[in-house]
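Here is a friendly briefing to read alongside the model.

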Amino acid sequence: MATFEDWYKSVPLVTRTYMTLCCLTTLAVQLEFVSPLQLYLNFNAIWQHYQFWRLITTFLFFDYFNLNFVFHMFFTRRLEEGSYRGRTGDFFFLWLFCAVLLVSIQCAMYWIPKAPSLLFLAPSLAFAIVYVWSRRNTNVTMSFLGLFTFTAPYLPWVILGFGVMLGQSPIYDLLGLGVGHIYYFLEDVYPNISGRRLLKTPGFIQSFFDQVEVREARHLGEGEHLHDD
C-alpha cells in the first residue's frame, strides 16, 4: 500500500516544490504566524521599504485550501509529467516567464487610474499553467460534472464560466489565460510559423536543474538499493 511519502516523492520536482511552498504559506497564515498583509503584492512597500519578498509570496497564497487548489495542482502535475517530462529547467522557466509577466502587467496597471489591483497572483499563475496544458492536449476529452463533454482547449473557458456562475470575479482567470496564451504562442506557435525561437531557457537555469535531477536520481537509486537489501 502506497504511503503519503511515496505519493509525495512521486510528484515531479517543480510541482512538488510549488505545492509545498503554497501549503506552508497558507498554513502559516491560518495559524496566524504571518498576516496576508505581509505577503500581498504592494508596490509601495516594495519600492519604499524594500520588501522584495512580496514579489514571491504573491504567488504562494491561495487564501485557503479547497478543490480549486487541488484542481490546479492536478493539471500542473500532468503538464510536468507530460510534455515537460525530462525538461525540468524548461518547466521552471515556464513558471518564471508567466510570473514575471504577471507582475509586469500589475506594475503597469498600478499607474492606471481605477485599474483593478490584484493582491495575490497565485490563482492567475496556476490558471496560466492550466491553459498551457489545455493547448498541449487538444485531443483529450473531458467531462464537466457529468453534464457535458468537451475537449481540453475549452477547459479554461469552462472553469472561467463556472467561476462566474458562482459569483467569482473573472479578472484572475482572464489574466492567467492571457499570460498563458502569450507563453503558448511564443513557445509553440511562433517557432512553427517563423522558424525562430524567442523563448529559450537560460543556461544557468538549465544547468541547475540538470544537476538537481542527477542528485535526485542518485538519491532515488540509493533508496531503492537500501530497500532491496
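This is a predicted model: local features need pLDDT of at least 70, side-chain atom pairs count only at pLDDT 80 or more; totals for chains, interfaces and linings use all residues.

## A helix and what follows

**Helix α9**
- Helix α9 covers residues 171-194, which is 24 residues.
- From its first C-alpha to its last, α9 reaches 32 Å, close to the 34 Å expected at 1.5 Å a residue.
- A kink of about 40 degrees, centred on Phe 185, is found in α9.

**Spans from the UniProt record**
- The unreviewed UniProt entry lists residues 18-40, 52-71, 92-112, 118-133 and 145-165 under "transmembrane region".
- In the model, residues 18-40 are 57% helix and 0% strand, and the end C-alpha atoms of this span lie 17 Å apart.
- Residues 92-112 are 90% helix and 0% strand, with end C-alpha atoms 31 Å apart.

**Cysteines**
- How many disulfides does a search of the whole structure find? The search finds zero.
- Cys 22 is in no disulfide, and its nearest cysteine sulfur, that of Cys 23, is 6.9 Å away.
- Cys 22 counts as buried because its relative accessibility is 0%.
- For Cys 107, the closest cysteine sulfur is in Cys 98, and the 18 Å between the two sulfurs is too far for a bond.
- Cys 107 has a relative accessible area of 22%, so this residue counts as partly exposed.

Notes. Residues are numbered from 1 along each chain as its sequence is written. Side-chain values use heavy atoms; hydrogens and water are left out. Helices (H or I, at least four residues) and strands (E, at least two) are DSSP runs, numbered from the N terminus. The expected span of a helix is 1.5 Å times one less than its number of residues. The bend at a residue is the angle between axes fitted to the seven residues ending there and the seven starting there. UniProt positions are given in the numbering used here, feature names are shortened, and annotations may be inferred rather than shown by experiment. A disulfide is a pair of cysteine sulfur atoms within 2.5 Å. Buried means under 20% relative accessible area, exposed over 50%, partly exposed in between (1.4 Å probe, protein chains only).
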